[in-house]
Amino acid sequence: MEAKVKKQRHVICMVSDFFYPNVGGVEEHIFQLSQCLLGRGHKVIVLTHVYGDRRGVRHMTNGLKVYYLPIQPFYSQSVLPTFITSIPLLRNIFVRERVTIIHGHSAFSTMAHEAMNLARAMGLKSVFTDHSLFGFADMSAIVTNNFLAISLADVNHCICVSYVGKENTVLRANVDQEKVSVIPNALDTQVFMPDPDQRPKDKINVIVMSRLQYRKGVDLQPEIIRRICSRYPQVNFIIGGDGPKRSILEEVRDEVGSDRLELLGAVPHANVHGVLVKGHIFLNTSLTEAFCIAICEAVCSGLQVVSTNVGGIPEVLPSRLILLAHPNVDSLTQILDVAIQREISGRRIDPWAMHREMRNLYTWPDVARRTEVVYDKVRGEESSADIYQRIPRYKKCGLLAGWFMMFLVTLQFLLLKICDRIWPVEDIDIAPDYPEGNAEWSYGEIDLNSRRHTNSTLVNGAPRISKLGQIRPTARRRIR
Amino acid sequence: MTEWSRVLWKKQPYPDNYVGDSFLRVSKKRREVTYGQAFYSATAVTQEICSCLILVAVFCGLSEGHMKAAGVLTFTAVLGVTGYFITRSQLRSSARDDIKLVCFYVALISCASPVVKSLTGSVATDTINACTTALLLLRIVHQDYGALVAIVNPTVSHNLGVFASVCLASRLGSDRDVFALMTLAVALFALFPGFRKYCRTKLGTTLDLFFTIVVVTVTAAGLWLYAIHLMPLLAFALVTCNGIIPALFVALQRHKQNIYGPWDEAQIEDK
């Protein structure tokens with residue numbers, strides 16, 4: 001489906017409390033998405049708070065400008081939600097960078113919520129990406145959900161990583177269904193190549209890679225390891241990752257011996273592929289998961305994947321590439337048994353066939369293209385900064401929260417007017433754009449010619465191999 | 001046009017914000033509670049209130065001389081032994097151990113009685129009355145009625161009850177009265193909740209309701225004879241506890257609902 005469209009250039013401002021040098025899924029998502037959007041000819045800047053002595057403005061690969069704002073983190077890397085004190089600073093940046101769209105990431109990031117709200121007050125567009133799933137039952141979830149509902153009452157569009165995530169966000173934050181797009185996460189398929197020579201011929205290695213914590217189902221693993229180890233002398237386990245549940249696995253290691261169960265500790269993301277190719281089977285025991293990129297990386301590296309059937313996992317892979325089990329020891333052991341039998345009898349799918357299927361499934365250029373569709377859509381939407389239009393949107397938040405937000409929005413409006421008087425928009429210097437000629441690197445996404453003539457057709461789909469040879473991922477991330 | 005399916009790996013000719021048919025297959029769960037159930041569950045609280053009022057009634061009877069210590073002890077012993085034989089099948093300890101425990105308690109209370117009698121001699125009666133009221137109310141709050149909430153704490157509840165009875169007993173005239181009241185308090189606060197639980201779980205609703213009526217009648221009779229001024233309190237407690245609060249609970253239950261869906265953390269099933 002190729003359409004001739006006049007491409008609009010957006011100036012996008014990614015906002016999140018979580019960005020490099022912090023490591024994690026959200027950080028990688030922002031970085032990769034920004035790079036692909038730069039490659040598609042948009043201007044992208046990133047806002048985050050200071051990280052230690054890293055403050056001020058930095059330029060990353062391809063002129064990705066990162067502002068480390070002088071706001072101190074307050075709890076688990078999020079800034080204190082003051083709502084109004086950051087207005088002058090954010091306003092200045094939005095004006096000087098001529099931002100048109102604010103894209104906030106992660107429900108936990110207070111800075112993202114503040115920036116998105118200010119964007120609406122300044123008549124800009126806001127987009128929000130939700131990366132996580134939340135229950136409804138416990139106290140902390142109730143509080144978080146209420147804040148999210150308040151924040152998303154005035155957002156142009158939301159993006160979730162899976163259909164489960166979309167349902168979750170629609171229910172939690174009371175957002176209109178049509179305003180939520182599902183755009184899955186992606187992985188760099190060029191990095192995760194199968195390498196069957198790396199794995200032992202006479203043994204079968206089962207790989208587990210996750211943070212060692214309750215949510216990842218670590219409590220299920222000891223019993224599975226005991227049962228499988230006693231049943232198959234040739235099956236060994238390799239567990240990568242670190243966390244609070246490490247001790248229960250160390251206990252099992254002492255039982256079955258360190259030659260049967262190897263604990264690697266934390267594995268930097270750059271080394272994950274090196275560990276994955278040593279194995280035949282990948283085991284994921286998560287109890288909840290919005291998308292689970294780890295199983296995609298494993299399939300892409302040619303491993304059979306055994307996973308619990310929770311959250312968004314059944315949506316991610318076609319059934320021939322994954323074996324799903326219920327989140328209990330019996331079911332997981334039984335399904336792992338099936339995978340081991342396939343491995344022994346040689347009935348498993350060829351690793352290279354798996355890789356070929358995964359290659360074009362979840363790619364960052366595709367994510368960027370779909371995100372761009374969202375940007376194009378919100379650009380066309382009405383975006384009045386008029387307080388008479390903004391205030392009624394908060395009525396659906398309920399009596400108390402609604403009135404409180406109306407008060408805050410009014411205060412925000414007044415502060416913006418004061419800022420306009422003290423620092424008039426005309427007096428704010430416009431930041432020069434990064435020289436466009438240097439942003440040639442494009443992830444194989446856009447034909448060079450199309451970048452020169454913005455009117456021409458965009459080519460999406462298969463990456464251009466010649467170009468990709470030169471690309472190495474600069475980002476590193478720890479194992480989830 | 002191909003049919004939309006709820007998967008991410010298939011390239012589908014639908015926009016990303018398409019809302020499919022299978023969207024929101026959540027289950028909204030709400031426990032339906034009838035007035036009858038709410039009323040029946042509230043009878044546990046009624047019994048607890050009654051046991052506290054019985055203690056106060058006996059105290060009034062003893063302190064004004066309308067009641068003999070021997071009578072109270074006989075009453076306690078008969079009820080205690082009857083209750084013991086009814087619940088015997090449920091107990092894990094041997095009969096020998098139980099008798100040893102009873103003897104130990106009796107000896108302990110009889111030794112402590114002279115001390116308890118003179119314990120609060122310097123304290124005003126009003127203070128003691130206020131203190132006892134507060135302690136008994138706290139006991140009712142912390143008692144275990146079968147609901148899993150943070151406020152339930154049987155140990156605290158038991159201690160509060162015994163403390164209240166010590167306060168009351170310290171105002172009595174003779175050692176024997178003190179001994180009788182303390183023995184009754186131990187029976188009411190330590191043994192009665194266990195017996196009530198046994199009734200709830202083993203004897204069935206009808207017998208339990210009958211038992212509740214017996215308790216309420218005994219309380220009402222006791223108050224009528226020895227502490228008539230507390231009758232309005234009993235009436236108020238009964239109306240609130242068995243009338244207003246269950247009705248309020250049923251009415252408010254409508255507004256409480258939990259939404260469950262595939263995003264919830266899976267529970268590890270223990271075997």
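Analyst: Two residues are in contact here when heavy atoms of theirs lie within 4.5 Å of each other. The model is a predicted one. Chain A is divided into domain 1, which takes in 11–186 + 366–427, and domain 2, which covers 196–359. By the contact rule, 11 residues of domain 1 of chain A touch 9 residues of domain 2 of chain A. The centres of these two domains of chain A, taken over C-alpha atoms, are separated by 36 Å.

Chain A as a whole comes next. There are 17 helices and 16 strands in chain A, and 57% of its 480 residues count as buried. Among contacts in chain A between residues at least 6 apart in sequence, 73% link residues at least 24 apart.

In soluble globular proteins, nonpolar side chains tend to be buried together. The largest nonpolar core of this model has 103 residues, and those with the most contacts inside it are Phe282(A), Leu336(A), Met358(A) and Tyr362(A). Domain 1 and domain 2 of chain A each supply at least three residues to this core. Another core lies apart from the largest one and has 51 residues, including Met67(B), Ile128(B), Ile140(B) and Phe195(B).

Phe195(B) leads on to the aromatic residues. Over all chains, the structure holds 12 aromatic pairs. In one of them, the ring centres of Tyr14(B) and Tyr18(B) are 4.4 Å apart and the planes stand at 40°, so this pair counts as tilted. Phe195(B) and Phe211(B) make an edge-to-face pair, with 5.2 Å from centre to centre and 70° between the planes. Phe195(B) belongs to helix α6 of chain B and Phe211(B) to helix α7 of chain B, so the pair ties together parts that are 16 residues apart in sequence. Both Phe195(B) and Phe211(B) are buried. Tyr18(B), by contrast, is partly exposed, at 27% relative accessibility. Tyr14(B) and Tyr18(B) also belong to one aromatic cluster with Tyr163(A) and Trp4(B).

Cysteines are a separate matter. A disulfide is a covalent bond between the sulfur atoms of two cysteines. A search of the whole structure finds 0 disulfides over all chains. Cys160(A) is buried, with a relative accessible area of 0%. Cys50(B) has its closest cysteine sulfur in Cys241(B), at 8.9 Å, which is again too far for a bond. Cys50(B) is buried too, at 0% relative accessibility.

Back in chain A, some loops have backbone features to note. The peptide bond from Tyr20(A) to Pro21(A) is cis, with omega near 10°, and Pro21(A) sits in the loop between β1 and α1 of chain A. Asn62(A), in the loop between β3 and β4 of chain A, has a positive phi of about 60° although it is not a glycine. Asn62(A) is buried, with a relative accessible area of 13%. Phe83(A) is another residue other than glycine with a positive phi, near 70°. Phe83(A) is found in the loop between β6 and α2 of chain A and is buried, with a relative accessible area of 14%.

How values were computed: Residues are numbered from 1 along each chain as its sequence is written. Chains are lettered from A and ligands numbered from 1 in the order in which they are written. This is a predicted model: local features need pLDDT of at least 70, side-chain atom pairs count only at pLDDT 80 or more; totals for chains, interfaces and linings use all residues. Side-chain values use heavy atoms; hydrogens and water are left out. Rings of Phe, Tyr and Trp (its six-membered ring) pair if their centres lie within 6.5 Å; planes under 30 degrees apart count as stacked, over 60 as edge-to-face and the rest as tilted. Buried means under 20% relative accessible area, exposed over 50%, partly exposed in between (1.4 Å probe, protein chains only). Helices (H or I, at least four residues) and strands (E, at least two) are DSSP runs, numbered from the N terminus. A nonpolar core is a set of buried Ala, Val, Leu, Ile, Met, Phe, Trp, Tyr and Cys residues joined through side-chain atoms within 4.5 Å. Domain bounds come from an automatic or database domain assignment. A disulfide is a pair of cysteine sulfur atoms within 2.5 Å.
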